[in-house]
Each structure stands twice: as structure tokens, then as C-alpha cells.
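Please look over the sequence and the structure before reading on.

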Amino acid sequence: MHLLYLIFIDPFVQMASAPDLLVQTLWDGLVAGVLYSLIALGFVLIFKASGVFNFAQGIMVVFAALTLVGLHEHGIPAYLALAMTIAVMFGLAVVVERVMLRPLVNQPDIILFMATFGLTYFLIGLGELVFGGEPKVMIARQLGLPRGAIDIKFAGGFVSLQKIDIAAAIISSLMVAALALFFQKTRIGRALRAVADSHKAALSVGISLEQIWVIVWFAAGLVALTTGIMWGARSEVSFALEIIALKALPVLILGGFTSIPGAIVGGVIIGVGEKIGEFYWGPLLGSGIESWLAYVIALLFLLVRPQGLFGEKLIERI
Amino acid sequence: MRSPSGPGVAAGEVLLAVENVSLAFGGVKAVSDVSFDIRKGEIRAIIGPNGAGKTSMLNIINGFYQPQQGAITFKGETRAKMRPHDAADGGIARTFQNVALFRGMTALDNIMAGRTLKMHKNLFWQLLRYGPAMAEEVEHRRFVEDIIEFLKIQEIRRTPVGRLPYGLQKRVELGRALAMEPELLLLDEPMAGMNLEEKEDMSRFVLDVNDHFGTTIALIEHDMGVVMDLSDRVVVLDHGVKIADGTPDEVKSNQAVIDAYLGVAH
């Protein structure tokens with residue numbers, strides 16, 4: 001009986017008795033969720049255009065952040081370093097298309113998936129070779145990102161909002177809106193969906209696969225760079241960042257692999273669910289549930305909606 | 001709808017010439033030393049038993065395969081190598097044997113995708129859906145609506161094509177090819193798997209496209225009745241080799257063709 005009380009009653013009593021803590025937890029979850037959304041978005045872009053789960057998205061985040069910080073360490077001003085990093089991500093997209101995707105046109109998806117593993121280890125090696133393996137500090141201040149926190153009085157307590165988190169939320173939202181517009185409203189967007197559906201049909205109407213792939217990988221690279229800056233500013237820039245990319249998996253399962261809005265909603269659900277679960281239910285299990293709760297949420301979701309919240313429902317004829 | 005106007009090639013002249021083309025996959029010869037031509041404005045059928053190399057021939061013409069030998073002359077330009085993108089840009093459109101549509105997209109979006117190469121306006125304007133890009137989108141949409149009306153598929157405009165019955169999918173695919181305003185339209189078994197009524201509809205569309213827009217058509221078909229009714233000239237392939245070329249009547253009475261289809265007593 002006592003256990004049931006602890007699971008079903010006590011957490012809600014706590015929420016009600018300390019609303020400031022609840023709001024703080026919700027906010028933390030929301031910010032984490034927005035960043036998960038960003039990572040998931042990188043996956044969605046490439047999945048939409050090529051039907052391939054890009055395993056290298058996580059390492060692209062690290063690689064972009066390392067390049068930015070590394071260039072700055074060599075005495076290049078922050079904004080110039082940012083521009084150069086964007087150029088590097090474009091170069092990466094071109095090279096990936098030329099060396100990896102083009103020779104594998106019309107191959108089964110699993111082959112391309114395996115190729116992204118290769119890309120992952122290549123980028124890890126290249127990153128360590130050029131920038132070294134030790135963690136670096138993100139140049140958030142030099143890029144003009146705000147520091148410090150805003151404390152808001154709330155229900156007899158304080159809710160503390162980190163300015164960097166607010167900036168992250170705003171920038172991510174803008175980025176998502178821009179990408180959604182780009183892919184819904186332009187001919188490139190239509191071409192991109194076409195390529196995802198059928199390579200040969202896309203070729204037959206004159207869509208250039210090369211061009212589309214470069215655009216999509218570049219977009220994914222920009223998303224990776226943004227994610228790298230935001231995560232880097234909250235902790236540090238190291239190869240450990242790659243692990244958080246795996247958090248995108250439950251987000252994608254929840255939101256659907258092909259949906260940009262899905263990536264956002266999924267990210268927020270996972271982020272908030274994680275923090276709330278950790279804070280109110282975590283102590284029951286001796287804490288640390290944050291690391292796996294996301295996967296449990298995703299698993300439960302799979303049982304109900306295998307295609308995700310916004311995924312395309314496939315009707316298979318038999 | 002406008003009719004596509006090809007520069008340089010008048011009706012009745014050779015639009016596309018295939019000269020001594022060979023294609024092999026490893027040891028398998030798909031096409032051996034085949035030559036034929038397609039004249040502007042005609043309906044040209046490519047027939048032959050299964051495995052004769054018909055689809056390979058279409059794939060060579062629109063750049064999916066590169067022949068190991070021979071040359072292709074299109075609108076007076078001879079080329080050895082061409083990518084599908086260039087073929088589409090040059091005015092060659094096609095449909096596929098097993099229907100290759102963008103399954104997740106609506107019929108309308110599928111056909112709009114055929115306009116890809118005709119859209120040139122700045123991406124920035126497209127993003128804002130404003131100014132010149134909006135005008136362009138409206139213009140293309142009008143063109144596509146004409147095609148939809150022509151093919152009588154108004155009521156399925158907004159349906160994702162994956163849910164449509166096979167016959168309608170084939171029609172949408174034809175619509176997408178027409179949206180490219182092609183000079184040469186390649187149809188790979190447009191009536192395969194259709195019932196009699198659907199076949200009659202499709203035959204009428206093929207004839208109408210040829211009549212109204214003057215589009216040159218090359219088609220692969222197994223239904224001999226359809227081939228004889230539709231086509232101006234027929235080329236017959238068997239095991240990758242050309243065995244006959246001429247009007248439907250000539251081909252029908254050709255002994256080599258009869259042997260290829262019915263088999264020869266040994």
C-alpha cells in the first residue's frame with residue numbers, strides 16, 4: 001500500500017505543495033527537449049530525403065562544435081570562425097555526396113545506413129587528429145550569447161531561467177520554422193520529398209539527386225552546428241556529446257521519422273517527461289532514471305502508434 | 001495547354017536515332033547492335049517477347065543506362081553518354097513498367113513534381129510565397145490543372161497516390177510525364193495489368209496526347225491489339241536483337257516475328 005502511495009499519490013502532492021519547483025522542472029525539461037528536437041531534426045532531414053537513418057548525426061554535432069572552437073583557438077575571430085565552420089559543413093556535405101552517396105545510388109537503405117557508421121568513425125578520427133581529444137570550452141560569450149540567469153518570483157519561491165537556455169529555445173524555434181518553410185513551400189522541398197519516395201522517378205522528371213543530397217546534408221550540418229553551440233555552451237565540447245545524439249532515437253520514435261513538427265513535439269515530450277520523472281519518481285528507484293526513461297516512454301508509445309505521432313502511416317497491400 | 005515546340009525538328013523528320021547500340025550486363029547481352037529511329041509526331045511501338053531488351057532500350061534512351069557501344073542522336077545532337085537529368089532537360093519524359101510514383105505525395109503534388117525543371121524563380125521568393133514566385137506557382141498550377149482535367153482525375157487530386165487503384169496510378173504517372181511538356185514520351189507498358197475498360201481509356205489518352213500536343217511517343221506494349229491500333233511503326237526485338245521494323249501490317253506478317261512469338265518447330 002505504501003508503495004502505491006509513493007508511486008501514485010506522493011509525487012502529485014509534492015507538485016502541488018511546491019509549484020515553483022514544478023515550474024522549474026518543467027522549464028528545465030522544456031529546454032532539454034528543445035535541444036533534443038534540434039538533434040532529432042538533423043536525423044529527420046536526412047531520413048526524409050534518403051530514407052536513411054544517419055548514424056553520423058551525433059558526431060557531426062561534435063565535429064561542427066570542435067571546428068568552431070578549434071578555429072577560434074587559432075586566433076580567428078569568433079564570427080569569422082562561425083562563417084568558416086559553416087563553409088566546412090558545406091564542404092562536408094559535398095564530400096559525403098561525392099564519395100559516399102553517389103556510388104551507392106539505388107542500393108538498399110541498409111547499405112547506406114552502414115556507410116553512415118563508416119562516416120561516424122571517420123569523423124571521430126579526423127576530429128581527434130586535427131583538434132585533439134581533450135574537452136574544449138564553447139566560445140559562447142564571444143559569439144554574443146547571453147550569460148547569467150533571470151530569477152522570477154513565483155508562488156513563494158524562485159524560478160531560475162538561464163539566459164543561454166532562453167536563447168537556445170528562441171534560436172532553435174527560428175531554425176525549425178525556417179526549415180519547415182523551406183521544405184514545405186519551395187520546389188526544393190517538393191523535390192526532396194520526391195527523392196525520398198523514389199530515386200528513379202525523381203531522376204526521370206529531371207530532379208538532380210546530387211544537388212538535393214548536398215542541400216539536405218548541408219542543412220543537417222547547419223542543424224548540427226547549432227546543436228553543438230547550444231549543448232557546448234551548457235556543458236563542454238567533447239566527444240561525449242555524441243552520446244546525447246542517441247537521445248534523438250526515442251524522440252524520433254515518438255514524433256515519427258519523417259515529420260519536422262514530430263521531431264519538435266517528440267523532443268519536448270521526452271525532455272519534460274525525463275526531468276519530471278527524474279525529479280518526482282527518481283528517488284523511488286535511487287535516482288538515475290533519466291538515462292533510460294526516454295526509451296521506456298518511446299517503447300510504450302510504439303505499442304500504441306508504431307508510426308509515431310506525426311509519421312506517415314503506411315498501408316501495405318498483401 | 002501549349003504544345004511543345006521542338007527547335008529544329010519538323011514533323012515527320014527523325015527526332016531520335018539509335019545507332020548500333022549494344023548493352024551488356026556482365027555476360028548477359030541485353031541489347032546487341034540495335035538501330036532504329038523515331039520520327040517527330042509518330043507513335044512508335046517497341047515490342048518483343050519477355051526479356052527481349054525493350055525496357056533496357058528505354059533506359060538507354062533516357063539515360064538510366066549507358067550503352068557500351070553505339071550512339072544516340074536526339075534533336076540532331078549525337079551523344080555517347082547522357083545522365084537522366086540531361087534527358088529530362090532535353091525533353092524526354094517517361095513512365096515505368098511497375099509505376100514509379102512518389103507514394104507519400106498527393107496526385108497533384110506528383111504531377112507538380114513534373115514541373116520541377118520549368119520552375120526557375122528565386123528560392124527566396126518561393127519561401128515567402130510572394131511576388132514573382134507566387135505568380136510562377138500559380139502559372140504552373142494552372143498548367144497542371146489542365147492536365148488533371150485532360151486525364152479526368154479531378155476527384156483524386158488530393159489523394160496520396162499510394163492509396164489509389166493501379167489503373168489510376170498509371171494515369172497519374174502519365175500526368176507527371178505530360179507536365180514536363182516532353183517532346184518525346186516513353187511509355188513502358190502503359191496498359192499492363194489493366195482491365196479492358198482501363199485499357200481503352202489509356203489508349204484514348206495516348207492517342208489524344210499525340211493528336212493534340214503533337215507529342216512523339218515511344219511505347220512498349222504486350223497487348224498486340226493495342227499495338228496494332230495505336231502505333232504508326234513498330235520495331236520488334238528478340239533476345240536483344242532487332243528482328244523486324246515497319247508498319248503494324250508489315251510486322252504482323254513477318255515470319256521472324258511470328259517465329260519469335262509462337263516458337264519454331266525444331
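The structure is a predicted model, in which local features need pLDDT of at least 70 and side-chain atom pairs count only at pLDDT 80 or more, while totals for chains, interfaces and linings use all residues. Residues are numbered from 1 along each chain as its sequence is written, and chains are lettered from A and ligands numbered from 1 in the order in which they are written.

**Domains of chain B**

For chain B, the domain assignment, whose bounds come from an automatic or database source, gives domain 1 (1-91 + 183-266) and domain 2 (102-180). The C-alpha centres of domain 1 of chain B and domain 2 of chain B are 26 Å apart. Their contact (two residues being in contact if their C-beta atoms, placed from the backbone, lie within 7 Å) takes 11 residues from domain 1 of chain B and 11 residues from domain 2 of chain B. On the side of domain 1 of chain B that touches domain 2 of chain B, the elements giving two or more residues are helix 2 (84-90) and helix 7 (196-213) of chain B; helices (H or I, at least four residues) and strands (E, at least two) are DSSP runs numbered from the N terminus. Helix 7 of chain B gives the most to this side, with four residues.

**The contact between the chains**

The contact between the two chains takes 27 residues from chain B and 22 residues from chain A. On the side of chain B that touches chain A, two or more residues each come from helix 2, helix 3 (107-113) and helix 4 (123-128) of chain B, and the largest share, four residues, comes from helix 2 of chain B.

**A helix pair in chain A**

Helix 2 (residues 19-50) of chain A and helix 6 (residues 163-185) of chain A pack at an angle of about 35 degrees, with their axes 9 Å apart; here axes are lines fitted to C-alpha atoms, for helices over the stretch in contact, and angles run from 0 to 180 degrees between N-to-C directions. Among the residues that meet are A:Leu38 and A:Leu41 in helix 2 of chain A and A:Ala168 and A:Ser172 in helix 6 of chain A.

The table sets out residue classes, with Ala, Val, Leu, Ile, Met, Phe, Trp, Tyr, Cys and Pro counted as nonpolar, Asp, Glu, Lys and Arg as charged, and the others, Gly among them, as polar.

| Side of domain 1 of chain B that touches domain 2 of chain B | eight residues | one residue | two residues |

A:Lys247 lies in the loop between helix 10 (241-245) and helix 11 (248-255) of chain A. A:Lys247 counts as buried because it has 22 C-beta neighbours inside 10 Å, where buried requires 20 or more other C-beta atoms within 10 Å of a residue's own. Not counting residues up to four places away in sequence, A:Lys247 touches A:Tyr36, A:Ile39 and A:Ala294.

In strand 3 (residues 43-47) of chain B, five of five residues are buried, with B:Ile43, B:Ala45 and B:Ile47 on one side and B:Arg44 and B:Ile46 on the other. Strand 3 of chain B pairs (at least two DSSP bridges) in the parallel sense with strand 8 (residues 216-220) of chain B over four bridges, and B:Ile43 has B:Ile217 as its bridge partner in strand 8 of chain B. Strand 3 of chain B also pairs in the parallel sense with strand 9 (residues 233-238) of chain B over four bridges, where B:Ala45 stands opposite B:Val234.

Notes
Buried ≥ 20, exposed ≤ 12 C-beta atoms within 10 Å, placed from the backbone.
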